Amino acid sequence: MTDLEDIDPEGLEIPAELPLLPVRDIVVFPYMVLPLFVGRERSIAAIEAALAGDRMLLLATQKVLEVEEPSPAEIHRMGTVGLIMRMLKLPDGRIKILVQGMGKARITGYRQLEPYFQVAVTPVPDEPATEIDIETEALIRNVTEQVERIVGFGKSMAPDILVLLENIKEPGRLADMIISNLGLKAEVSQEVLETIDPVARLRRVNEILATELSVLTVQHHIQTTARSEIDKSQREYVLREQMKTIKRELGEEDDRDQELAELKKAIEAAAMPDKVAKEALKQLGRLERMHQDSSESSITRTYLDWMVELPWSVATDDKLDLKAAKAVLDEDHYGLERVKERILEYLAVCKLKGAMKGPILCLLGPPGVGKTSLGRSIARAVGRNFVRVALGGMRDEAEIRGHRRTYVGAMPGRIVQSLKGAGSNNPLFMLDEIDKLGSDFRGDPASALLEVLDPEQNNAFTDHYLGVPFDLSKVMFITTCNQIDTIPGPLRDRMEVIPLSSYTLDEKVQIARRYLLPKQLEEHGIGPQYLTLSDAVLALVATRYTREAGVRNLEREVAHICRKVARDVAEGRDRCHRVTPQNLAGYLGVPRFLDETDAMRQDEAGTATGLAWTPVGGDLIRIESTLMPGKGQLTLTGQLGDVMKESAQAAYTCVRSRGDELNISARAFAEQDIHIHVPAGAIPKDGPSAGVTMAVAIASVHTGRPVRRDVAMTGEITLRGHVLPVGGIKEKVLAAKRAGMSAVILPRANEKDLADVPKKVRNDIEFVFADSLNDVFAAAFRH
């Protein structure tokens, strides 16, 4: 420490130029002594310059505290000239100085910017003190009294501030002394510093003190009120304990004791696992020691209610009669043999072994094919309780794992809630729309499901709210989804995927006859004697009024017919309505869809029919091509994806390379542009399956040979003309059947996939298996 106190500040004159030291978050006033820690290079240079001279420098506050290197425009022009009393260099490179304010000064100009600010200053002395009048004396006394009250409220100030204020009679110096000890914001202190008139400055300090005193008064009131509430609660607790003792001596029952005893019996009756029972009894002990009106008591009581109401040891007995289970499944659903077979296999193993971990199945299929209703049917066949949780749009991980009890309004996750509602620990648990899970800053529900759907882990699933493990291994989980690609790989790997494809026309007719029509007749309050529908009418409704993989819209159309009949019956026209193909339009209006083969009244050159797979089943796709004079360019429209555009380019190159075989001259390719368009341009389309269809359309438009309108095709093509296999064969073949196609061209490698196609459909359609593009041309072109 370098001691520099041998200079008397009172006898020093302020020079015309001084080094400038910008300070942050503080305003220095005259006569104020304070330590400063300096670390900025420019500020250290200013201190060194002051020490090399008369040890004076100007202390001015910067306007923006966060600025590390302020510019002249970012520093207040009014400051205080300070004298460096002591200086100490610290090990970290900073400098600690002790400065004393001498007087105010205003910056009139910057003489130097590097390596430190050198400024021209003009001293700003206080206005000459006049004789103190009565008003000023009253103001001085009022200010002093307010400071005393503020100190009385516990405001942190210098310990000897009151003694110093008693000895100061100058209004300006009194104002500076008070404001420098209040710890106010720099903006307020700077405003006081720039006030020249001493009385006006003291009047402004009086206003600031009044505001500070009001705040402290309210704060003190809040603290006093809170303390009295605590004292009241403690007094009530003592009185209640005394009341309990008196009741115990008189032999009277205590409702709370009785309630706790019943809760203990419920814990023992729940037959919890040892670890869970230990935790429940521990929380019960805590509850007994709590005040019954405290918030913690309410939280613990709610937790114990959840613990005793969960089915820790309650299980239903599986119905192991395979014939009865098969009868139930057949009664509720037509077809779906693969799913039914899997459930019967599970029951067979349970019957032989006696116990088995619950399977985790994923029903994959388009909307309306009966995935959710199939879950209820399986639960009825197996004899288990059924619970369903809709996962679509779920984004919060706590929906699965629950909230920790530290949060306000915490509760268990949907898994535990559903088990409580099921009333057994082995229900059939359906997780609907698992492919539509989301994720955001609250977590990833799909990751939380990894533990739930893992047979090796879910025997100790821990909900965040419960904090103890629950055995989910006995639960039969069935999930549903429309597409498998959006499910994360680790989650998909934990499930046994069973695809449910589109219904055939015969299946739709049988479903409508057996299930939909009786259901709608009952819901509309009319008996079967009022309505007659033949299978031909149901088939017409399914093909001309709906276009779907499932039967939801078919059910709506059947309901539409039932409403027409119900109105007639309600109006007194008591007769049987016989709906025929001829009068069907009178019930449902004009048909919405035409047969695909009827839409094309004749075979056309340049138009081919392809087959596509969509998340809602198979569909037909028309590909049109036309020629125009040009330079051999290829134009693609119809909102095609990158893969489909590449398929079109490959098909064009393949056909062009076979120009001699197809009797197409090279001049035709060079002098004509070709435009390929896929209708329904508002719908995005992508995938490699349209390669052969595009090749047929290109070859047809160049040769002028018409393409059979009753032939649909699918397959990927190579530049060498080989036809490669594609997916979704069953859905595509069913779409061709719905559209009335008589022949389907498939890649040879997809012949094995026809095993999944219903036998009746295979018998109704002629299948052509192609190895190369020549096989496709031979079957597609009209001879």
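Q: How many helices and strands does the protein chain have?

A: Helices (H or I, at least four residues) and strands (E, at least two) are DSSP runs, numbered from the N terminus. The protein chain here has 27 helices and 25 strands. Residues are numbered from 1 along each chain as its sequence is written, and side-chain values use heavy atoms, with hydrogens and water left out. The model is predicted: local features need pLDDT of at least 70, side-chain atom pairs count only at pLDDT 80 or more, and totals for chains, interfaces and linings use all residues.

Q: What radius of gyration does the protein chain have, beside that of a compact globule?

A: The radius of gyration is taken over C-alpha atoms, and the globule rule is 2.2 Å times the number of residues to the power 0.38. For 783 residues, a compact globule would have a value near 28 Å, but this chain has 44 Å. Its C-alpha trace spans about 120 × 100 × 60 Å along the principal axes.

Q: How much of the protein chain is buried?

A: Buried means under 20% relative accessible area, exposed over 50%, and partly exposed in between (1.4 Å probe, protein chains only). Buried residues make up 46% of the 783 residues.

Q: Which residues touch the most other members of the largest nonpolar core?

A: A nonpolar core is a set of buried Ala, Val, Leu, Ile, Met, Phe, Trp, Tyr and Cys residues joined through side-chain atoms within 4.5 Å. The largest has 53 residues, and Ile-378, Leu-531, Leu-533, Ile-561, Val-579 and Leu-584 touch the most other members. Helix α17 (residues 505-523) gives the largest share of this core, seven residues. Apart from it lies another core, of 52 residues, including Leu-284 and Tyr-303.

Q: With which residues is Leu-531 in contact, leaving aside its neighbours within four places in sequence?

A: Contact means heavy atoms within 4.5 Å. By this rule, the partners of Leu-531 include Leu-517, Leu-521, Ile-561 and Val-579.

Q: Which residues of helix α18 are buried, and what covers them?

A: An α-helix has 3.6 residues a turn, so residues three or four places apart point the same way. In α18 (residues 535-544), the buried residues are Val-537, Leu-538, Ala-539, Val-541 and Ala-542. Their cover includes α17, β15 (531-533), α19 (552-570), β16 (577-579) and α20 (584-588).

Q: Is Lys-264 buried or exposed, or does it lie in between?

A: Lys-264 has its place in helix α7 (residues 255-269). It counts as partly exposed because its relative accessibility is 41%. Not counting residues up to four places away in sequence, Lys-264 touches Leu-281 and Leu-284. Lys-264 and Leu-284 are 20 residues apart in sequence, and 7.5 Å apart in space, C-alpha to C-alpha.

Q: Which residues lie nearest the centre of the second largest pocket?

A: On a 1 Å grid over the protein atoms alone, a cavity is a set of points where a 1.4 Å probe fits but cannot get out, and a pocket is an open set with protein on both sides within 12 Å along at least five of seven lines; lining residues have an atom within 4 Å of a point. Of the 25 residues lining the second largest pocket, His-333, Gly-370, Ser-373, Val-551 and Glu-555 lie nearest its centre. The largest share of this lining, six residues, comes from α12.
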